[in-house]
Amino acid sequence: MKYLLYCTLFITTFNVAGQITEPKASEVWEPEPRAIKYSDNGIPSDAIVLFDGKTLDSWESTSDGGPAQWTIDNNCATVVKGTGNIQTKETFGSCQLHLEWRSPSVIEGEGQGRGNSGVFFQKRYEVQVLDSYQNRTYSNGQAGSIYKQHIPLVNATKSPGEWQTYDIIFEAPEFNEDGIKIRSGYLTVLHNGVLIQNHAEIKGTTEYIGFPKNLAHGEDKIMLQDHSNPVSYRNIWIRKL
Ligand code: MG
């Protein structure tokens, strides 16, 4: 009986030339991906909400570890010049981050001085936030650049005062026990749904002056930059990868 079954299976799966003819032969059913549900505003059920527009309880000030000092109004948090960067209380490794940001509608300053902020992964690797709408600066420092490392593929910036999205895949770098980097980190960035960084290799820490460094570290916090411009953020959520 068993022999007959094997024979039937063989005949239905292979033809005389030994080629696979049965579509089912290459189907894989396990494991079954976990099903995601969505909240009313589209947040996936396995995401951690970092900012829902109401409180900055998931964040702290980088200067003293106290409460984040940025203002909350109309479901968004806005940089208050001089209060310092804010960072998540929780640490993260590789992740998918969604956030929305807005440059001030009142245009002030130029180049790096207009609508400057930034998203730092593990407090070290910056995806630049800048008002790059008709505001020329060095290309590896404009909105969506991996600051001073990778120029964005296009300039997808909307005009000041408009909300913009970043969807970012961060793959954390890896270090061995001796502190040597054994795998680079990578960043993929969609700006307003447009791919602007495609699996770009992180060369090391973001440096304003000088070159990237590669000192060993583990998981660390997500940081948003106070660069003295009143940039706003809303709807921030993260998925661990
Ligand atoms: Mg910046």
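**Figure 1. Phe-121, Tyr-125 and Phe-170 make up one aromatic cluster.** The model shown is predicted. Across the whole structure, a search returns five aromatic pairs. In one of them, the ring centres of Phe-121 and Phe-170 are 4.9 Å apart and the planes meet at 20 degrees, so this pair is stacked; the cut-off for stacking is under 30 degrees. Because Phe-121 belongs to strand β7 and Phe-170 to strand β9 (residues 164-171), the pair ties together parts 49 residues apart in sequence. Phe-121 is buried, at 0% relative accessibility. Phe-170 is buried too, with a relative accessible area of 0%.

**Figure 2. A cis peptide bond links Glu-30 to Pro-31.** Omega for this bond is near 0 degrees. Most peptide bonds are trans. Pro-31 sits in the loop between α1 (2-13) and β1 (48-51).

**Figure 3. Lys-123 has a positive phi in a loop.** The angle is about 60 degrees, although Lys-123 is not a glycine. Most residues other than glycine have a negative phi. The loop that holds Lys-123 runs between β7 (117-121) and β8 (125-129). With 35% relative accessibility, Lys-123 counts as partly exposed, because that class lies between the 20% and 50% limits.

**Figure 4. Asn-235 has a positive phi within a strand.** Phi is about 50 degrees at Asn-235, which is not a glycine. The strand is β15, covering residues 232-240. Asn-235 has 18% relative accessibility and therefore counts as buried, the limit being under 20%.

Notes:
Residues are numbered from 1 along each chain as its sequence is written. This is a predicted model: local features need pLDDT of at least 70, side-chain atom pairs count only at pLDDT 80 or more; totals for chains, interfaces and linings use all residues. Side-chain values use heavy atoms; hydrogens and water are left out. Helices (H or I, at least four residues) and strands (E, at least two) are DSSP runs, numbered from the N terminus. Buried means under 20% relative accessible area, exposed over 50%, partly exposed in between (1.4 Å probe, protein chains only). Rings of Phe, Tyr and Trp (its six-membered ring) pair if their centres lie within 6.5 Å; planes under 30 degrees apart count as stacked, over 60 as edge-to-face and the rest as tilted.
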